[in-house]
Amino acid sequence: MNPLNRRAVRTAAALATTAALFPLAACGTAEGDSAGDGDTVVVRIPDPKNSGVLALGKKNGSLGKALAKVGARVEWTGSSGPFAPAAQALNAGQLDVATGSITSGVTALTQKPGFKLFSATTPDGSGEGILVRKDSGIKTVKDLAGRKVAVNQGGTGEYLLLKALARHGVPAKDVERVYLRPDQTASVYKTGQVDAWASWAAYSVAELGSGDSRFVADGAAVGSDNYSFHAVRTGFAEQHPEVVKALYAYLRTGSAAQKADPEKYVNVFTDRGPTAVTGTAKELQLRILREGGTVEPIGAEDIERFESVARFYLDQKVLRKPVDIKPHVLDVEALG
């Protein structure tokens, strides 16, 4: 394969992002379409795949029971993944709830967002970072100068790379950022078309578990403020605040249970195939969950850290204009 250039990669990423919306659009209709049978409210959420609180709630029916108490039911729409396509689906009225990281969140908030953030989980210091192959010769962040690093544009990967470079005094222009969707990157990384890959646990665990890769710097080492969050479509929150509050309560309780006993939240539906983690990768995933944060309401200190990410992105010219976070935060505990 010929070396990837930025223009080609950006074009591929844009096309892939558009394609990723097709399954969501197939299940959604117009803005405000959350009506179900009779008085039942439909909550459209990306399918959680094979791990996590929502996956277990889907399997054992506990999520359905929690939503039924407030007259709602879930409709699994598309599948979970990076927040950029989910934000577009929220804005288009094709999705009601999604999960993301604040790095991709602040980027999406510059595009006249049709959603609000209603929860926060502290950064994953050990599951996100900059992956390098053990035979790459890259020993430190400074060794990335003159190299190609795969990142998701305006999201976690680009943020982690830029944070690491800034902390170690490496000019950002000295490292070539190769913009790829995370689910496109593994083969490019493994075949040496890029020298490193800045990513998070959903993708890094498999690479670390293979024994062929390591982090040259993880989230803790770069001082990451990359909180994760849940977002809700603004119109849905206005029409069904009691459903949002019930979903938040379920996620908060579930995240605490997952942290205390993560085993049953991994390989929820299957322990085989591409969505399963086994061996060393599973051990890593369990450790990350034990060390991870829990779903909490968004407070003033969280907003300050969200804003620090936005300022950093502005300084790094990832954003072209400032982002005011507070108007896009929902006080979930104050909902009726």
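Helices (H or I, at least four residues) and strands (E, at least two) are taken as DSSP runs and numbered from the N terminus. The model you see is predicted.

**Exercise 1.** Find how many helices and strands the chain has, and what percentage of its residues count as buried.

*Solution.* Start with the secondary structure: there are 13 helices and 10 strands in the chain. Next, turn to accessibility: 51% of the 336 residues count as buried. Finally, look at the contacts with a separation of 6 or more: residues 24 or more positions apart account for 80% of them.

**Exercise 2.** Work out how helix H6 and helix H13 are arranged and which residues make their contact.

*Solution.* First, the axes: H6 (residues 156–167) and H13 (residues 300–315) come within 11 Å of each other and cross at roughly 75 degrees. Angles of 65 to 115 degrees count as roughly perpendicular, and H6 and H13 are therefore roughly perpendicular to each other. Second, the contact: H6 contributes Glu158, Tyr159, Leu162, Lys163 and Ala166, while H13 brings Val309, Phe312 and Tyr313. Third, sort these residues of the H6–H13 contact by class: six are nonpolar, none is polar and two are charged. One more detail is worth a look: Lys163 lies over the face of Phe312, 5.3 Å from the ring centre.

**Exercise 3.** Classify the aromatic pair of Phe83 and Phe115, and say where its two members lie.

*Solution.* The structure holds eight aromatic pairs. For Phe83 and Phe115, take the distance of 5.5 Å centre to centre and the angle of 85 degrees between the planes; the pair is edge-to-face. Now place the residues: Phe83 lies in helix H4 (residues 83–91) and Phe115 in strand S4 (residues 115–121), so the pair ties together parts that are 32 residues apart in sequence. As for burial, Phe83 has a relative accessible area of 2% and is buried; Phe115 is buried too, at 1%.

**Exercise 4.** Do the classification again for Tyr159 and Tyr313.

*Solution.* The ring centres are 6.1 Å apart and the planes stand at 80 degrees, so this pair is edge-to-face. Tyr159 belongs to helix H6 and Tyr313 to helix H13, so the pair ties together parts 154 residues apart in sequence. Tyr159 and Tyr313 are both buried.

**Exercise 5.** Which residues form one aromatic cluster with Tyr189, and what lies over the face of Tyr189?

*Solution.* The cluster consists of Tyr189, Trp197, Trp200 and Tyr203. Over the face of Tyr189 lies Arg133, at 5.2 Å from the ring centre.

Note on methods:
Residues are numbered from 1 along each chain as its sequence is written. This is a predicted model: local features need pLDDT of at least 70, side-chain atom pairs count only at pLDDT 80 or more; totals for chains, interfaces and linings use all residues. Side-chain values use heavy atoms; hydrogens and water are left out. Axes are lines fitted to C-alpha atoms, for helices over the stretch in contact, and angles run from 0 to 180 degrees between N-to-C directions. Angles under 35 degrees count as roughly parallel, over 145 as roughly antiparallel, 65 to 115 as roughly perpendicular and the rest as oblique. Contact means heavy atoms within 4.5 Å. Ala, Val, Leu, Ile, Met, Phe, Trp, Tyr, Cys and Pro count as nonpolar, Asp, Glu, Lys and Arg as charged, and the others, Gly among them, as polar. Rings of Phe, Tyr and Trp (its six-membered ring) pair if their centres lie within 6.5 Å; planes under 30 degrees apart count as stacked, over 60 as edge-to-face and the rest as tilted. Buried means under 20% relative accessible area, exposed over 50%, partly exposed in between (1.4 Å probe, protein chains only). A charge sits over a ring if NZ of Lys or CZ of Arg is within 6 Å of the ring centre and within 35 degrees of the ring normal.
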